[in-house]
Amino acid sequence: MKPSYSPAVALVACLLMGGCAKQETVAPAVTTTPAVVPAAPTEVRHPLTGEIVKVDAERHTLLVSHDKIAGFMPAMTMEFKVSKADLANAQPGQRIRAEMVDRGEDYWLEKIWPDDTVTKTTLDAAANALAQDTAVRGKEAYREVGEAMPVFTLLDQEGRTVSGSRFRGKRIVLNFIFTRCPVANMCPAATLRMAALQKAAREAGVQDFELVSISMDPEYDTPGILREYAEVRGLDTTNWSFLTGPDASVRHLLAQLGVIREFEGATIKHTLATVLIDESGRIVHRVDGSTWQPEEFVRRLKKG
Ligand SMILES: [Cu+2]
């Protein structure tokens with residue numbers, strides 16, 4: 001008995017088997033690529049601004065009413081996946097700017113920053129004031145031990161606006177790091193020392209001290225990235241703030257505290273410094289590099 005299926009049925013059968021007609025016409029070199037390998041995931045990114053409507057903790061999503069994305073999407077309300085830290089930082093009603101990442105199956109939001117007018121105005125004003133301060137100081141921009149810590153306003157790992165004056169009345173141990181630092185004896189070592197210092201100072205009964213680590217890579221280190229950095233390492237943020245913000249501010253803080261940063265391809269070549277600031281905002285001690293001893297700072301904190 002002859003097979004009696006129609007040409008249409010034959011075509012479907014061939015496709016299910018991987019294309020029967022093709023094998024006769026396509027050169028062997030090409031047919032060695034299995035048809036089942038999915039295409040490389042293509043990631044398309046678009047800058048986005050909008051307002052968080054709802055935070056869904058169970059689904060790890062944000063419902064965002066976003067503005068028009070030129071040439072891609074009209075204004076609409078849609079759901080986005082976000083990282084655990086970004087989810088924890090998100091608040092309904094908050095205006096944000098971010099990058100929409102189209103991963104084919106899901107839409108994600110990354111590089112999320114607060115974008116409300118008050119926050120933006122405050123951060124920009126602080127950056128402008130710092131820039132002016134650096135310019136006025138000229139060659140004296142670098143602040144030595146004995147001088148006041150420059151005035152700054154940045155965002156912490158929870159996206160809250162933090163100005164240096166919040167720490168008045170407390171001693172601060174302050175350094176600069178960046179989360180992507182690949183050199184074990186640089187930023188990762190500095191963070192380990194800060195954690196050791198925090199623990200030792202507490203055990204010694206030191207009170208009224210804060211740790212501050214400012215990102216020297218604010219382009220990448222959003223509040224959510226810093227929160228994740230701290231959480232993944234089990235760092236105690238009750239008196240340890242991880243700060244980020246406009247590079248216009250970070251650049252001048254680095255200059256005034258004598259920390260060198262040079263962008264080199266995908267990474268950053270940099271120096272390190274850790275300073276102790278007293279209750280009145282004066283720099284009272286400074287150690288360069290990452291090999292400082294936590295005990296030395298604890299001893300000074302105890303004396304305070
Ligand atoms: Cu580093």
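**Figure 1. Overview of the predicted protein chain.** This is a predicted model, in which local features need pLDDT of at least 70 and side-chain atom pairs count only at pLDDT 80 or more, while totals for chains, interfaces and linings use all residues. Residues are numbered from 1 along each chain as its sequence is written. The chain averages a pLDDT (the predictor's confidence in each residue, from 0 to 100) of 88, and 86% of the residues score at least 70. Over residues 1-35 the pLDDT is below 50, and beyond near neighbours in sequence this stretch has 8 contacts in the model, a contact being two residues whose C-beta atoms, placed from the backbone, lie within 7 Å. Where pLDDT is low, the predicted coordinates should not be read in detail. The chain has 9 helices and 14 strands, taken as DSSP runs numbered from the N terminus (helices H or I, at least four residues; strands E, at least two).

Figure 2. The buried residues are Pro 223, Gly 224, Ile 225, Leu 226, Arg 227, Tyr 229 and Ala 230, and what covers them includes helix 4 (84-89), strand 5 (107-114), strand 6 (153-155), strand 9 and strand 10.

**Figure 3. Close-up of helix 6, residues 187-203.** In helix 6, Cys 187, Ala 190, Thr 191, Arg 193, Met 194, Leu 197, Gln 198 and Ala 201 are buried. They cover an arc of only 160° around the axis, which puts them on the same side of helix 6, the arc being that of the directions from the helix axis to the C-beta atoms. Their cover includes strand 8 (171-177), strand 9 (209-215), strand 10 (240-243) and helix 9 (294-303). Gly 205, whose phi is positive, near 80°, follows helix 6.

**Figure 4. Close-up of helix 5 and helix 8 where they meet.** The axes of helix 5 (residues 117-137) and helix 8 (residues 247-256) come within 8 Å and cross at roughly 35°, with axes being lines fitted to C-alpha atoms over the stretch in contact and angles running from 0 to 180 degrees between N-to-C directions. Among the residues that meet are Ala 126, Ala 127 and Leu 130 in helix 5 and Ala 248, Ser 249 and His 252 in helix 8.

Technical notes:
The expected span of a helix is 1.5 Å times one less than its number of residues. A residue is buried if 20 or more other C-beta atoms lie within 10 Å of its own, exposed if 12 or fewer, and partly exposed in between; C-beta atoms are placed from the backbone.
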